Amino acid sequence: MTDPNELADRYVAMWTEADPERRRTAIAESWTEDAVHILEPPQEAREAAAALDINATFEARGHRELEARMANAYDQFLAPGEFTFRRRDNVKRVGDAIKFNWEMVPTAGGDAV
């Protein structure tokens, strides 16, 4: 079975991938077509999404919805060049899933936003 840290790194790499085709390929290679992606964002993130009139549904099903979620996050937060995503050091296997936290940080370094 694949190392959980490696899976977490690949996951974050999909979110930081600038090229839509490479992102699409990574999703297809990493997720089954009927995969479900569930986020448990902190309260601040839910409030920020609501303030921006962003759909606060934190579940995506299948490649198309995963791709849309990742592309939207990339375009909004990373494309301007100020931020990047990184995983925290708390990767844990829970049954057949991997659980960990990740965060958005300034590209110049510093604390999570």
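**Helix H4 and its surroundings**

Modeller: Helix H4 has 17 residues and reaches 23 Å from its first C-alpha to its last, close to the 24 Å expected at 1.5 Å a residue, a span taken as 1.5 Å times one less than the number of residues. Helices (H or I, at least four residues) and strands (E, at least two) are DSSP runs, numbered from the N terminus. This is a predicted model, in which local features need pLDDT of at least 70 and side-chain atom pairs count only at pLDDT 80 or more, while totals for chains, interfaces and linings use all residues. Residues are numbered from 1 along each chain as its sequence is written, and side-chain values use heavy atoms, with hydrogens and water left out.

Biologist: Which residues of H4 are buried?
Modeller: Gly62, His63, Leu66, Arg69, Met70, Ala71, Ala73, Tyr74 and Leu78 are, where buried means under 20% relative accessible area, with exposed over 50% and partly exposed in between (1.4 Å probe, protein chains only).

Biologist: And what do the buried residues of H4 pack against?
Modeller: They pack against H1, H2, strand S1 (36-38), strand S2 (59-61) and strand S3 (83-87), with contact meaning heavy atoms within 4.5 Å.

Biologist: Switching to Ile27, where is that?
Modeller: Ile27 lies in helix H2 (residues 20-30), and Ile27 counts as buried because its relative accessibility is 1%.

Biologist: Which residues does Ile27 touch, leaving aside neighbours within four places in sequence?
Modeller: With those neighbours set aside, Ile27 is in contact with Met14, His63, Leu66, Glu67 and Met70.
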